[in-house]
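Q: I have a new structure open and want a quick tour. Can you walk me through it?

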Amino acid sequence: MENAEQIEDLSSAPMHPMGEQALCVLVVDDSILQRRIVALSLRKWGYSVFEASSGVEALAICTSEKIDLVLSDWMMPEMDGLEFCKQFRQLARESYGYFILLTSKNEKNDVAEGLDIGADDFLSKPVNSAELKARIRAGVRVLEMEQTLIAQNTTLANTLDELQTVYEGMNKDLLEAEKLQKSLIPPPFRKGDFGDMSVLFQPSSHVGGDLVGFFNFTETRLGLYSIDVSGHGVSSALFTARLAGYLSAHNREQNVAFEHVGGENYRQLPPADIAASLNQLIIEELATELYFTMVFTDLDLTTGRVEMVQAGHPHPVLWTASQGACFLGRGGPPIGLLPDMNYETVTFSIAPGDRLLLYSDGLTECQNFAGDLLDDADLLRMMDRRSKSTGAQFLLDLTCDLTEFAGGRPFYDDLSAIMFEFKKYGEPPPGEGTKRTIQSAANRKA
């Protein structure tokens, strides 16, 4: 090595330590003089310095002190620098240790061996102080980058922990919202005196924008509906909850399908008026950018006559034993887009043994891996093929067919449907026929 005076002349400019604490440097050399010369310069540059005369002594220091950078001679008795470097790399450390080998070896094979063992850099002997300073600064930059990465990773890990906490809270809320939304949906199957009701509800996420349900106008008059709110997620689900209240099976005063005519008496509104009332409510009171599509049917179980309004919703399907499946309706505008929209009530008939299916566009817009959508003809074929299935099993079989068509691809829209299977005509209550005639005449006059 050069003498102490040469190193001191080149070390007049102080070197700043890494971070707020001085960098800990371990100098390992069996020569006391060479070791002291290097250590003296390092201390003047602002580093905290440890010294060791052998690899064995150096390993002991490394296990008790936090050493950031090692300057080790290659050729030493008992344990040379190469073996010391190998064992240094095997130590359990919280941070990286930069290792520089001091050597007079110039062969490329020797350098390659040192790098393979784990050395970061080499410094030729005799040591030039300017080169020593530059090599150490290079090591400091590596260690500072590591500290920066550690700090960034710590910040990232803390942020991820916070996000995980937030996510767990949101997921818990979504699960509760899912339970609430499912409580608004009728059970999968309900057996009735005049017909059976089956329901399919499969949101694409925790909550969705679809709603299906039914309620009784009278013992023999059945209101059946399918709704699809625009968008997905929580906002759409909250909107469906509001709509469920407007079509409540338990509160006629709140249900827009009834008009209060005094006392405890309510008049049943035709489906087109129900759609118009909902449209006015959405435009004037809710002040939301959301809108929805709907099919609403009023089934007279004593005659099989059905009155229906279709507001932007997929065409309902009527399945009969004699003719198979066919679509119903002539379309109509969605609800909640524009004020003063006109809706039309259309009529048709069903008979015992027929099935009436209302569903959302999640069925007809089911997509396969080729990007093809299920078309209307496919849906009718599926229904005909599953005609021997009944009740909830029919809807389950239909879902299996959709899954097969999609090739296992996830459904990107909510799936919902409600099906009424007409079993027999009901007997109208006493005086009901007269009331119906008066009411129908009043509706026509209106």
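Q: Which residues are linked in a network of salt bridges?
A: The network links R35, R36, R43 and E51. Keep in mind that this is a predicted model.

Q: How many salt bridges does the structure hold?
A: It holds 18 salt bridges.

Q: Back to E51. Which residue does E51 form a salt bridge with?
A: Its partner is R36. The closest N and O atoms are 3.0 Å apart. E51 sits in strand β2, residues 48-52, and R36 in helix α2, so the bridge ties together parts that are 15 residues apart in sequence.

Q: Is R36 buried, exposed or partly exposed?
A: R36 is partly exposed, because its relative accessible area is 48%, and buried would need under 20%, exposed over 50%.

Q: Why can such side chains pair at all?
A: Opposite charges can pair when the charged atoms come close.

Q: Let's look at α2. What span should helix α2 have, and what are its end C-alpha atoms apart?
A: Helix α2 covers residues 32-44, which is 13 residues. At 1.5 Å a residue it should span 18 Å. The end C-alpha atoms are 18 Å apart, so the two agree.

Q: Which residues of α2 are buried?
A: Q34, R35, I37, V38, A39, S41 and L42 are the buried ones.

Q: Why would residues three or four places apart point the same way?
A: An α-helix has 3.6 residues a turn, so residues at that spacing point the same way.

Q: What comes just after α2?
A: G46 does, with a positive phi of about 100 degrees.

Q: And what unit do β1, α2 and β2 make?
A: They make a right-handed β-α-β unit. Strand β1, residues 24-28, pairs with β2 in the parallel sense over 5 bridges. V25 has V49 in β2 as its bridge partner.

Q: New topic: the open sheet. What is the order of its 5 strands?
A: The order is β8-β9-β12-β13-β16, and the pairing is antiparallel.

Q: Which strands stand at the edges?
A: β8 (210-218) and β16 (346-349) do. Each has a single partner strand, so one side of each has no neighbour in the sheet.

Q: What does the twist average from one strand to the next?
A: It averages 20 degrees.

Q: How many bridges join β8 to β9?
A: There are 8 bridges between β8 and β9, which covers residues 221-229, and the two strands run antiparallel.

Q: Which strands does helix α7 touch?
A: Helix α7, residues 234-246, packs on the sheet and touches β8, β9 and β12 (292-300). Its direction makes about 160 degrees with that of β9.

Q: And helix α8, which strands does that one touch?
A: Helix α8 (residues 271-286) packs on the sheet too, touching β8, β12 and β13 (305-311). Its direction makes about 150 degrees with that of β12.

Q: Back to salt bridges. What does K423 pair with?
A: K423 pairs with D196, the closest N and O atoms being 3.5 Å apart. K423 is in the loop between β18 (415-422) and α12 (432-445), and D196 is in strand β7 (residues 195-202), so the pair ties together parts that are 227 residues apart in sequence.

Q: D196: buried or exposed?
A: D196 counts as buried, at 9% relative accessibility. K423 is partly exposed, at 35%.

Q: What about E259? Which side chain does it meet in a salt bridge?
A: E259 meets R267, at 2.6 Å from N to O. E259 is partly exposed at 33%, and R267 is partly exposed at 23%.

Q: Now a few loops. Where is D413?
A: D413 is in the loop between α11 (391-406) and β18. D413 is buried, with a relative accessible area of 17%. Leaving aside neighbours within four places in sequence, D413 is in contact with S204, H232, D361 and G362.

Q: Is S389 buried or exposed?
A: S389 is buried, at 14% relative accessible area. The residue lies in the loop between α10 (376-385) and α11. S389 touches R355, F394 and D397, not counting residues up to four places away in sequence.

Q: Last one, Q323: buried or exposed?
A: Q323 is exposed, with a relative accessible area of 68%. Its loop runs between β14 (317-320) and β15 (324-327). Q323 and D384 are 61 residues apart in sequence and 9.9 Å apart in space, C-alpha to C-alpha.

Key
Residues numbered from 1 in each chain as written. Predicted model: local features only at pLDDT ≥ 70, side-chain atom pairs only at ≥ 80, totals over all residues. Heavy atoms only, no water. Pairing = 2+ DSSP bridges. Helix = DSSP H or I, 4+ residues; strand = E, 2+ residues; numbered from the N terminus. Axes fitted to C-alpha atoms, helices over the stretch in contact; angles between N-to-C directions. Contact = heavy atoms within 4.5 Å. Expected span 1.5 Å × (residues − 1). Buried < 20%, exposed > 50% of the residue type's maximum accessible area, 1.4 Å probe, protein only. Salt bridge = Lys/Arg side-chain N within 4 Å of Asp/Glu carboxyl O. Right-handed = clockwise from strand over helix to strand, strands pointing away.
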